[in-house]
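User: Hi! I'm new to protein structures, and I'd like to go through this one with you in questions and answers.

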Amino acid sequence: MSARRLSSPQPEPTGHHRLLVSLARHGRLAAAAALFSTALRTTRALNALLAALCSSSSPTLLRAAPSVLLRAAPHAAPDSATFRILTSALCRARQPSAAADLLCCMPALLLDPDPRQCRAVLASLCRCGPAGDALAFLDDMRRWGVSPTRPDHRAVVDALLREGNATEAYEVVAKQMDADGVAPGLPEFERMLRAFSADREFEAVEEVFDEMLLRGLVPDVGVYNVYVGALCGRGDLAGARRMVACMERAGCPPDVRTFGVVVAGCAAAGDMDAASEVAREAMRRGLRWDSPALSELVGVLRAGGHAEKARPLLLEILRQGCAAGVDASALRQLIGEGGALRADEEEGQCAGVVADGDARPCQLDAERLC
């Protein structure tokens, strides 16, 4: 019986543990570390001391954590809670790559990385670490049996796009999401269309759009608008106008922003006749440019230096009552200081034309729109 008692695990001295926790909680870390080193080398005590060290915002105390681990060996082996404490502290200290490296040590200790902690480290990598590290960490998660979710993929894609790696981001969308059992949807494809269009990678835009259609996804008006904008950007105005017609046949009628994109594209190409024709088509359909849509159109025209020559077209939109909540003075603000309207241009306009017959002029935020 005495031999059985000797071989059984010794109970942790509760009084010593309470003392260690109390010392650590009140900032007496040196005394807590001394007690841990001399009398209380257990995993529970180790985690209590590490939690106290890591709860401090001091980088010096955080750097002391590895020495505490060394003092604990071989008496107190780290457990899952130990890694959770350390990785959380490293993420708070904006050192997510170090946190990822720490999680990679767990399988060698026969510990399974916790899925929630993996996702927390991945989110931190996507926010403040190199995008390549986040992409590599997805592979680590898969090896540990932690399947990346849609939010995980989206975070990695956003991180890659912030660093200008649109090709690698599309690899995640088109291949890795499928492999993880998460089918990419319209938001992911629209994100890639915008990224490639902004980079003027128009062949990639075509590839993304075709892949989306092959998967049976039905574009909405927002996706079509991005694609039409890319066609205008590459100078294919005829293709852009054909796509507008295709939208109608596909049961997705173009909205005022669709026509605005084509109007801006025609103006950028110097074809104001075509721009006027497209704008009149929108008017014939009864579409109205509200303040945000007209601001967006004028912003694109101004960015390309075409706002001044497009002024007669914009005035025609006003005269036809197709601008909701925008009057002549608001249009002057939109076009800018150099675009003041002549008195004869203002004559005959309906000031403050707004939707539903409301004659109140719309107060636009000139600083935001100009």
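User: Is Leu 110 buried or exposed?
Analyst: This is a predicted model, where local features need pLDDT of at least 70, side-chain atom pairs count only at pLDDT 80 or more, and totals for chains, interfaces and linings use all residues. Residues are numbered from 1 along each chain as its sequence is written, and side-chain values use heavy atoms, with hydrogens and water left out. Buried means under 20% relative accessible area, exposed over 50%, and partly exposed in between (1.4 Å probe, protein chains only). Leu 110 has a relative accessible area of 77%, so it is exposed.

User: What is phi of Leu 110 near?
Analyst: Most residues other than glycine have a negative phi. Leu 110 isn't glycine, yet its phi is positive, near 60°.

User: And Arg 94, is that one buried or exposed?
Analyst: Arg 94 is in the loop between α7 (80–92) and α8 (96–103). Its phi is also a positive value in a residue other than glycine, near 60°. With 60% relative accessibility, Arg 94 counts as exposed.

User: Which helices do the buried residues of α8 pack against?
Analyst: The buried residues in α8 are Pro 96, Ala 99, Ala 100, Leu 102 and Leu 103. They cover an arc of only 160° around the axis (the arc is that of the directions from the helix axis to the C-beta atoms), which puts them on the same side of α8. Contact means heavy atoms within 4.5 Å, and the buried residues of α8 pack against α7, α9 and α10 (131–143).

User: Why do the buried residues of α14 line one face of the helix?
Analyst: In α14 (residues 202–214), the buried ones are Phe 202, Ala 204, Val 205, Val 208, Phe 209 and Met 212. Looking down the axis of α14, you see them line one face because they fall within an arc of 155°.

User: Which exposed residues are on the face of α14 turned away from its buried side?
Analyst: The buried residues of α14 pack against α12 (166–179), α13 and α15. On the face turned away from that buried side, the exposed residues are Glu 203 and Leu 214.

User: Which residues is Glu 248 in contact with, leaving aside neighbours within four places in sequence?
Analyst: Glu 248 belongs to helix α16 (residues 237–249). At 36% relative accessibility, Glu 248 counts as partly exposed. Those neighbours aside, its contacts are Pro 253, Pro 254 and Arg 285.

User: What is the volume of the largest pocket?
Analyst: On a 1 Å grid over the protein atoms alone, a pocket is an open set of points where a 1.4 Å probe fits, with protein on both sides within 12 Å along at least five of seven lines; lining residues have an atom within 4 Å of a point. Grid points are joined across faces, edges and corners, and a volume is the space filled by probe spheres set on the points. For the largest pocket, that gives about 590 Å³.

User: Which helix supplies the largest share of its lining?
Analyst: α13 (186–198), α15 (221–233), α17 (256–268) and α19 (291–303) each supply at least two lining residues. The largest share, seven residues, comes from α17.

Note on methods
Helices (H or I, at least four residues) and strands (E, at least two) are DSSP runs, numbered from the N terminus. The expected span of a helix is 1.5 Å times one less than its number of residues.
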